[in-house]
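Okay, thanks for coming, everyone. Today I'd like to talk through salt bridges, so let's get the model up on the screen.

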Amino acid sequence: MGKKGERVVGSGVVMLLGLVMWMGTAASDPLDDFGIGISTLTIEQTLNDIVLPVVDELIYVKGNALPDDCCWQDVEVAGTRLYLQNINVPQESVQSLASVSGSDTGLLMDILVQFDLDFFLQLCEKLIGPCVTILFCNDDVSLHFELRIRTVLDLYADAEGKPVIAGSDFFFNLAIPDKDGLCFVLKSALDVAIPALNLVANKVLPPKLNAILEGAFANVSQTIEVKGPFDLYWKLSNSTASSNTGQSVQMELDVINNCDGDTVAPFEPSPPMVDTITLLDQGHVLFQLTDSFLNNLIYTAFCAKTFDFSTEANGFTIELEETQSPEMTFINSTNSSAASITLKTSVKATRFPLRVSAKVTATAHFALFVSPTGVLSFELDPNDFVVTIDSSIPPVNKGTKEKIEAAIEAAYEAQVPLINEKLANYTFQLPQIATFNDPEILYGNGYAEIAVATAPMPTSVLGDMMTPVIVDIVEEVGNYYYGETVGSSSSQTRDLGCPGLAGVGATPIECQDL
């Protein structure tokens, strides 16, 4: 197992989960410590169940922030008047739907936002006397809007290992397929105006939305302060990838050893971790971590306090002290040998008149466990210690050596509850982007993988991260179309008022009873 060089890192706080939202494509990185794979089904479900309901509420609130009545005069022709009354967006009409697909070039998101805009409309001409309706434009109107936003999203690491998101292949289309109650002349006007707006939108909106995407992780910190004698420092690696099954994000995770001058704990992956994307199945969330990452956590514990004990076993008094940090190893196996731990200790074994000082290697097996809340822990098997005396003073014959080794094994096994209690202080919270019922844990050479089937969640860290970005994108697109339609800038549409129709020569007037 390799060792890492030293790095001094300042403190800071950030959620590790800020990396799992968008994915991209790159080459393998031999220093990856941690990987997350998210299927397109999981992303799609998160969008539809958690993110888009927030978008629907935004549309409903924005639509009903419009004034109840809006009126203008001189609409293209002097003497004309346009009345819109009882303007509202029925809440039941607001529906959004997303689909997600993946490829080796990125994540394709297709979002359809639908809503109705209801109002009473009259277009009339007032020269002398009452205002006379023009071309039957006097009726209750219900317009059904469909706004489609489509883009391919790709993530890559900058020079410092921070995530950068880029969008490409943008497509925007606003349609009004149903115009119930709208008179022919205004239907025709919309049929001409909307395609022109779409043409301009596909030119002017991509740079605006890329600015939103690029700013998503602008202020993210790469240091995570955790409980215990260490911090975590992450760096997005070039192994982050996407495929038709989903997306992965892989990173180098340095464990910063606080008790040793903020140096980087020394273990590094060997062999390199398999790329997460190659193991991901549809409908799953997959986590990968290396044995070297766990060894670095244990290394910080060893630095803070060594493990020692004294006990009686098989007639011997055993005094044991660790001489170096224990090392965990994962191998490609389906039996209990898949996860093992090696301990190097100094032992004094006494049984009158014999007193032996020995250097001892002990190996045991352990298992990983994931709680329903996603807390990863590991426990030693109490019946599985194998002890070998590497050297002793004075030297002993084979029979005595075997008796001492058996006594040390018994001493270890008696201490397993205490050891497991100490190990319980070194748990690791997996990103809470899935439910953790019935996780499947498999082992490879140098790493372990934890697969969790996608299931509905009342809340999701993934959803919490995606929501502000998706909301900003939908709002920016909606503001563009509203602003272009009514002749006002998007900055003015944050607090919506009556549309300004200066582009057709109209001026607002006080509404009067018809």
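Start with Asp 390, which forms a salt bridge with Lys 344, the closest N and O atoms being 4.0 Å apart. By salt bridge I mean a side-chain nitrogen of Lys or Arg within 4 Å of a carboxyl oxygen of Asp or Glu. This pair links distant parts of the chain, 46 residues apart: Asp 390 sits in strand E21 (residues 386-393) and Lys 344 in strand E18 (residues 339-351). Strands here are DSSP runs of at least two residues, numbered from the N terminus. Asp 390 is partly exposed at 46% relative accessible area, and Lys 344 is partly exposed too, at 30%. For the cut-offs, buried is under 20%, exposed is over 50%, and partly exposed is in between, with a 1.4 Å probe and protein chains only.

A quick word on the model: it's predicted, with local features needing pLDDT of at least 70 and side-chain atom pairs pLDDT 80 or more, while totals for chains, interfaces and linings use all residues. Numbering runs from 1 along each chain as its sequence is written, and side-chain values use heavy atoms, leaving out hydrogens and water.

Another one joins Asp 110 and Arg 150, at 3.6 Å between the closest N and O atoms. Asp 110 lies in strand E6 and Arg 150 in strand E7, so the pair ties together parts 40 residues apart in sequence. Asp 110 is buried at 14%, whereas Arg 150 is partly exposed at 27%. Arg 148 joins in as well, linked with Asp 110 and Arg 150 in a network of salt bridges.

How values were computed
Helix = DSSP H or I, 4+ residues; strand = E, 2+ residues; numbered from the N terminus.
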